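Subject: Structure handover

Hi,

Here is the structure I promised to pass on. Please open it alongside this email, and my notes follow below.

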Amino acid sequence: MKPILPTQQDFRNAMAVCAAGVHVITTDGEAGRYGITMTAVSPVTDDPPTVLLCINHTARILPILTRNRSLCVNMLSAGQQDVAEHFAGMTSLSPEERFEYHIWHRGQSGQLEVDGALAHLHGDIVDSHSIGTHQVLYVAITEIRMHGQQLADAQSLVYFRRSFQALG
C-alpha cells in the first residue's frame, strides 16, 4: 500500500470540516444490483439537470455502474443513518443483505428508491473521466421525485468531522 503524503492527509482533514449531504447510490440492471453510500455528489447544471459522482477506482460498484449505466441518487434524511451505515459497509451486512433491511420502491426508470429519503434523482451516465484515484461520472437526470409537504420540516443527513449529523 502506498504511503499517504502529508498533503493528502491535510486535504482529507480539510474535507472533513466541509459538511456534505449523504446519499445512497443504487443501480440495478444487467450487471446486477448494488448500492453505495457517497458524499461526493454534486450538481453540475440544471439545463439539462446533471450531477456528478466521484468514485474510487477500487470501489466494487464502479464496474457495475459502468455496465448498468442507470442509477438512483437517494438523498437521505437524518433518520436514515442506518441506511448510510449499511451501504458504507460499516455493518456486517453483505451487499445483498443491505437491501433486505429497508423498504424499497422503483421509480419509472426501474431503479431502486429507499423509502423515507428526502428526494430521489434517477438518471443515466452520459460521460466520465478519470482523475487520480477516482472516476468522475456525469449523470443526466431523467426523473426527480420529491416527497412533498410531509418532509417540509425534515432534516437532512450530512457527514461532518467524520461522523453523521442532522441538519435542518
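The largest pocket has a volume of about 1600 Å³. Keep in mind that this is a predicted model. A total of 36 residues line the largest pocket. Nearest its centre lie Arg-12, Thr-39, Ala-40, Asn-56 and His-134. By class, the lining splits into 21 nonpolar, nine polar and six charged residues.

Next, the salt bridges. The structure holds four of them.

Take Arg-67 and Glu-30. Their side chains meet in a salt bridge, at 3.0 Å from N to O. Arg-67 sits in helix 2, and Glu-30 in the loop between strand 2 (23-29) and strand 3. The two are 37 residues apart, so this pair links distant parts of the chain. Both Arg-67 and Glu-30 are exposed.

Arg-145 has two partners. With Glu-113 it forms a salt bridge whose closest N and O atoms are 2.7 Å apart. Arg-145 lies in strand 10 (residues 134-146) and Glu-113 in strand 8 (residues 112-114), so this bridge ties together parts 32 residues apart in sequence. Arg-145 also forms a salt bridge with Glu-143, with the closest N and O atoms 3.9 Å apart.

Arg-145 counts as partly exposed, at 31% relative accessibility.

Now look at the end of helix 2 (residues 61-68), where Asn-68 is placed. Which residues does Asn-68 touch, leaving out those up to four places away in sequence? They are Thr-27, Asp-28, Gly-29, Glu-30, Ala-31 and Gly-32. The side chain of Asn-68 makes a polar contact with the side chain of Thr-27, at 3.1 Å. A polar atom of the Asn-68 side chain also lies 3.2 Å from the backbone nitrogen of Glu-30. Glu-30 is the residue that pairs with Arg-67 in the salt bridge above. Asn-68 has 12% relative accessibility, so it counts as buried.

Last, some backbone points to check on screen.

- Arg-69 has a positive phi of about 70 degrees, although it is not a glycine. Arg-69 is in the loop between helix 2 and strand 6 (70-75). At 36% relative accessibility, Arg-69 counts as partly exposed.
- Arg-161 also has a positive phi, near 50 degrees, and is a residue other than glycine. Arg-161 is found in the loop between strand 11 and strand 12 (163-167). Its relative accessibility is 57%, so Arg-161 counts as exposed.
- Asp-47 and Pro-48 are joined by a cis peptide bond, with omega about 0 degrees. Pro-48 lies in the loop between strand 4 (41-46) and strand 5.

Best wishes

Notes
Residues are numbered from 1 along each chain as its sequence is written. This is a predicted model: local features need pLDDT of at least 70, side-chain atom pairs count only at pLDDT 80 or more; totals for chains, interfaces and linings use all residues. Side-chain values use heavy atoms; hydrogens and water are left out. On a 1 Å grid over the protein atoms alone, a cavity is a set of points where a 1.4 Å probe fits but cannot get out, and a pocket is an open set with protein on both sides within 12 Å along at least five of seven lines; lining residues have an atom within 4 Å of a point. Grid points are joined across faces, edges and corners, and a volume is the space filled by probe spheres set on the points. Ala, Val, Leu, Ile, Met, Phe, Trp, Tyr, Cys and Pro count as nonpolar, Asp, Glu, Lys and Arg as charged, and the others, Gly among them, as polar. Helices (H or I, at least four residues) and strands (E, at least two) are DSSP runs, numbered from the N terminus. Buried means under 20% relative accessible area, exposed over 50%, partly exposed in between (1.4 Å probe, protein chains only). A polar contact is a pair of N or O atoms within 3.5 Å; within protein, one must be able to donate a hydrogen and the other to accept it, and residues adjacent in sequence count only if both atoms are side-chain atoms. Contact means heavy atoms within 4.5 Å. A salt bridge is a side-chain nitrogen of Lys or Arg within 4 Å of a carboxyl oxygen of Asp or Glu.
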